[in-house]
Amino acid sequence: QKQLLDLYSTMITQSKQESLLTLPLTDILNNYFVSTSNEYSKQSSQAISSIINKIPEGPVLDAALTTTVTNELYSKFNSNTASVDSKKSALQTLIWITKALVQRDHPSWRKFSTYLIGKLSENTNLEIELNEIAAHAFTVIPAEDQDDVMTKKSGATVKVLFKQKFFAFVYPELLEGYSATKSPLFLVAISNLLRHIPRAVLLAELSTIIPLLLQSLSSTAADQSNSSQQITLKVTTCDTVQMLLQEAPTAIADHINTFITELLELSKSSAFAEVRQASLKCISKITVLPYHIVSSIFCILQILFILT
């Protein structure tokens, strides 16, 4: 059954809008949501989001958002009997639906985005895995679709500047959430978000971005706590720093010494191999930067080499 559902999902995601409109879309959505397993594969989530993205404004879309999505998914999140796997699948589906709405610039995307941000601060043991999936949403939603599901080629609606609009709305809320909770998942979400926004937007926000990245790298005490969230935070931050080094090396030149100090510390003292590897990759990127940016770093490296 799963194989047939996934095959059908692929057909849905590659259908143009005019072809989809000939199908009973409400029934199709209902069939996805009430599948016997109650767990949606990635392909199923993509099919649901593809339909949501391509349905024209009107009663069918309104019904899908206010009845099918809200009642089915939110009731599962709030259920005391639903399994964790079922909730994870539902959250994955909500993320893809949010992506569909963001790309078509439907007003409901703000409501769903706020819900995902709220998930980052839920701190019960049962919710930890859901929180991490919610943080990953800020990669999925603004990223270029590598599966060719939500692209113009597959018939999806992709509005101009959707990434900028998404960033402008969620970035202040993520900053506010981190300020209020100090949860590392907000930093993970921010790092995920930064890797997929246009360079001009990134440069405009460097004054707030760089202190957050340095703070993420420097939390060495938390790094020793064997927390998967902290590992994710360090690795994600290192990935973001690598992107900055490639996209805007001169813009972070004033902070390069601080970055190298934190990265060297992580490469030596982190208890986790993934973090040490990620920090060393960052350092390797720094060593190939133009001399006028890194000239003072070589003095620091020489001193560190002597001391060690």
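Ser-154 touches Thr-13, Gln-14, Ser-15, Lys-16, Lys-54, Asp-148 and Val-149, leaving aside residues up to four places away in sequence. The model is a predicted one. Ser-154 sits in the loop between helix 8 and helix 9. With a relative accessible area of 0%, Ser-154 counts as buried, because the cut-off for that class is under 20%. Its side chain reaches the backbone oxygen of Val-149 at 2.6 Å, and Val-149 is also among the residues that Ser-154 touches.

Helix 8, on one side of this loop, covers residues 128-140. The helix has 13 residues and reaches 19 Å from its first C-alpha to its last, close to the 18 Å expected at 1.5 Å a residue. Its buried residues are Leu-130, Asn-131, Ile-133, Ala-134, Ala-135, Ala-137, Phe-138, Thr-139 and Val-140. The cover over these buried residues includes helix 6, helix 7 (108-119), helix 9 (162-181) and helix 10 (184-194).

Helix 6, which forms part of that cover, spans residues 84-104, and the loop between helix 5 (59-78) and helix 6 holds Ser-79. Ser-79 has a relative accessible area of 17%; this value is under 20%, so Ser-79 is buried. The side chains of Ser-79 and Thr-81 are joined by a polar contact of 3.0 Å.

Leu-7 belongs to helix 1, residues 2-13. At a relative accessible area of 53%, Leu-7 is exposed, because exposed means over 50%. Together with Tyr-8 and Met-11, Leu-7 forms a nonpolar patch on the surface. The accessible area of Leu-7, Tyr-8 and Met-11 together is about 300 Å².

Note on methods. Residues are numbered from 1 along each chain as its sequence is written. This is a predicted model: local features need pLDDT of at least 70, side-chain atom pairs count only at pLDDT 80 or more; totals for chains, interfaces and linings use all residues. Side-chain values use heavy atoms; hydrogens and water are left out. Helices (H or I, at least four residues) and strands (E, at least two) are DSSP runs, numbered from the N terminus. Buried means under 20% relative accessible area, exposed over 50%, partly exposed in between (1.4 Å probe, protein chains only). A polar contact is a pair of N or O atoms within 3.5 Å; within protein, one must be able to donate a hydrogen and the other to accept it, and residues adjacent in sequence count only if both atoms are side-chain atoms. Patches are made of residues with over 30% relative accessible area and no salt bridge: like charges are joined within 9 Å, nonpolar side chains (Val, Leu, Ile, Met, Phe, Trp, Tyr) within 5 Å. Accessible areas come from the Shrake-Rupley method with a 1.4 Å probe; for residues, only the protein chains shown count as cover. A salt bridge is a side-chain nitrogen of Lys or Arg within 4 Å of a carboxyl oxygen of Asp or Glu. The expected span of a helix is 1.5 Å times one less than its number of residues. Contact means heavy atoms within 4.5 Å.
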